[in-house]
Amino acid sequence: MGHSIAKVCVLGAGTMGAGIAAQVANAGVPVLLLDRTTDGPDRSIIARSALERLGKAEPAAFMSKAAARLVEVGNFDDDLGRVAECDWVIEAIVEKIEAKHALYARLEDVRRAGTAVSSNTSTIPLERLIEGRSEAFAQDFLITHFFNPPRYMRLIEVVSGARSNPDLVAAVSAFADQRLGKSVVACKDRPGFIANRVGTFWLQSAVNAAFDLGLSVEDADAIAGKPMGVPKTGIFGLVDLVGLDLMPYLKASLTASLPKDDPYQAIARDEPLILKMIADGYTGRKGKGGFYRINREAGKVKEAIDLATGTYAKARKPMSIPAVAQKDLRALLALRGKAGAYAWAVLGPTLAYAAALVGEVADDVLAIDTAMKLGYNWKYGPFELIDRIGADEVAQRLEAEGHAVPPMLKLAAGRSFYRVEGGQRQFLGLDGEYHPVTRPEGVLLLEDVKAASKPLLKNGSAALWDIGDGVVCLEFTAKMNALDGEVMTLIAQSIALVQRHYKALVVYNEGSHFSAGANLGQALFALNIAAWGEVEKLVRGGQQAYKALKYAPFPVVAAPFGMALGGGCEIVLNSDAVQAHAETYIGLVECGVGLIPGWGGCGELIQRLSENPRLPKGPMPAVAKAFETISTATVAKSAAQAQEIGFLRPSDGITMNRDRLLADAKARALAMVEGYTPPERPLFRLPGAGGRAALDLAVQDFAAKGLATPYDTVVAGKLAHVLTGGDADMADGVSEAELLALEVEQFMALVRDVRTVARIETMLATGKPLRN
Ligand code: NAI
């Protein structure tokens, strides 16, 4: 195709442009970030300040320091000519058509023909953007609509025009998918594309209904949040997050550009209260607060606004929603009183609107569902929601209330939008037929494997799946993918099975996080009844299982993503190789609950750090670094950072697109099969008692400065004991078995301390560490 993308230029260094530039850099691709020229000594101060802000953004925009160095800044007057160095130019300037037109006119003269130019516009149709441009420009032009924040939101909507070169669109889409990690959804050239079109309608319906039904914001968010599979911010919490001022802006833009008979026109309204809030600076979290605010004068009290009076009062506990209605949408909609009425007022019209848009904004229901799930963080897309309620029920209720029933909904009568047929997930097309849900090349989802097959092994906390080509996948299945004795049992069984019939094993799952670590609830139960034997069995059992994986005669590849903490980190450390999602937050956090890593994490981290060429040679540097990392419960904020810290090796792979993680991990495992030999057992050179004294001294120093609590020093002391090799004779080195025994010994000393029990209790109750 010839459209390889080696350098990118981003025009506009505002919220979106800067964030997009950071994500391009996160992919390891150099990027030129330009904005308006200013008078004064630094003519690129706008872009330069944006880069500075990026470095401090929370949540972080850059995945590593190395990525930050890939962004170069400049201005439109001195540097626009440098777009000729770039293969893709992304325009993300102010949403004003005249401004965009003016910039494109200048681009005509300086860009290389064949360089892709795309706009990040949220509302302006492509055909209007290219008015007045040359044929060559039109062929190279498309819309790439990122979501905010660009690093974390997985959706990118891509619109190509009638004249856009399909090869170029494909090349940009492939780059967005594989390098930037985005899920590409192709949209038609319609106002608001897919996600904002449906999302704005949804938010407007929900805000209207809360005012009309006289609902409190707390209750509205409790009903239209979690039970609907929407982030728990609900409606008003979400508007606070994105900014109240965005509502009238999107409304103005959509009402101006949508046809007069579009259902959105009928519901679009500006609430006087909301306009007043914006005028008074209550624009949400970025302003003085929004529907919710934190009242600092009253001592950090969370307050909510009364929609009827506009006054704030301490946020109340929302109405209680019965457990069935939390899980079952039909039960939620059937609730009596305001709760059921509100649920329907939010969902009914929104789902009908989404159904009416099939064919209009996208070719199929799949695109709309994907856009809402990835662009608005819905757990289920609109059509998956309809399936959960029943297409017939939705149609009947709409009809009963005098609403039009969209043809797509009628088409689904007596059926569902999705089904699994012969192990294949299928969706209902506009033609009334079912079509297979196909995945892009290089995407393998466990979800699909599970729909098509039965597990090879399974118990209450884990399962083993055949993912083809002789590779199996070990899946954790407990709540939060917590690890317990059952996981260890399944690992032992898996090893026996793979040895006989398979080539390699991948550790992977599709939960929200890879693993939150050992099941603390279970551990606490054992501690409370002083079942020390049970606890020790769990520690030793985990060590045995993990080491058996490490030394198994076949390759084991861990594929972490999201949080991989404590025992979840240790299984990664005990794997032969890692293929990590870029968004992996890995760490040995045991000290936070008064423990130390007990499943081999201590030795594995030391080993990785002693291989690290950036650390000075000798036993102490690696041990001191491991001590610092574990005692402060350091969690990497990305896979790249995990490599910097040392949890991952430089040779471990990083996958940007979450959907490609399993296929990449499988390929890595298969590449290791031929001639595979398990690693050799390490012999650790540790600093012994002298090293321990140095670490203890450092901890005392921390304690003196008030940075370590009394019990922190106790826990750190035990950790130092293990990491420095205990009382072993250092002359011969310390074997892996000896180090594991030290882990058990010191771990067991800690669990018998009531202060550890208190820490675990607090963590389970509040999710926060106790600083005792
Ligand atoms: P912003 O206001 O943060 O940044 C806009 C940038 O444009 C500024 O750095 C400014 O210096 C520059 N600019 C202003 N007037 C200009 C002119 N006449 N000529 C050239 N440059 C000019 O805007 P934001 O939010 O980053 O939006 C940029 C684009 O991305 C817009 O098209 C917007 O619709 C779109 N978008 C915004 C999203 C959001 O959540 N903020 C989400 C998705 C798309």
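Which helices do the buried residues of α23 pack against? In this predicted model, the buried residues of α23 pack against α24 (532-551), α32 (736-751) and α33 (754-766). The domain assignment divides the chain into domain 1 (8-187), domain 2 (195-377), domain 3 (446-589 + 635-679) and domain 4 (688-766).

**Helix α23**

- Helix α23 spans residues 520-528, and its buried residues are L520, A523, L524, A526 and L527.
- These residues lie on the same side of α23, because the arc they cover around the axis is only 160 degrees.
- An α-helix has 3.6 residues a turn, so residues three or four places apart point the same way.
- At the N-terminal end, α23 is capped by N519, which has a side-chain oxygen 3.1 Å from the backbone nitrogen of G521.
- After α23 comes A530, with a positive phi near 55 degrees.

**Interface of domain 1 and domain 2**

- A distance of 30 Å separates the C-alpha centres of domain 1 and domain 2.
- Contact between the two involves 13 residues of domain 1 and 14 residues of domain 2.
- The area buried between domain 1 and domain 2 is about 970 Å², with 64% of it on carbon and sulfur atoms.
- Zero salt bridges are found across this interface, and one residue pair is in polar contact.
- On the side of domain 1 that touches domain 2, the elements giving two or more residues are β7 (155-160) and β8 (183-186).
- Strand β8 gives the largest share of that side, three residues.

Methods:
Residues numbered from 1 in each chain as written. Predicted model: local features only at pLDDT ≥ 70, side-chain atom pairs only at ≥ 80, totals over all residues. Heavy atoms only, no water. Buried < 20%, exposed > 50% of the residue type's maximum accessible area, 1.4 Å probe, protein only. Helix = DSSP H or I, 4+ residues; strand = E, 2+ residues; numbered from the N terminus. Arc of directions from axis to C-beta. Contact = heavy atoms within 4.5 Å. Polar contact = N/O pair within 3.5 Å; in protein donor to acceptor, adjacent residues only side chain to side chain. Domains from an automatic or database assignment. Buried area = accessible area lost by both parts, 1.4 Å probe. Salt bridge = Lys/Arg side-chain N within 4 Å of Asp/Glu carboxyl O.
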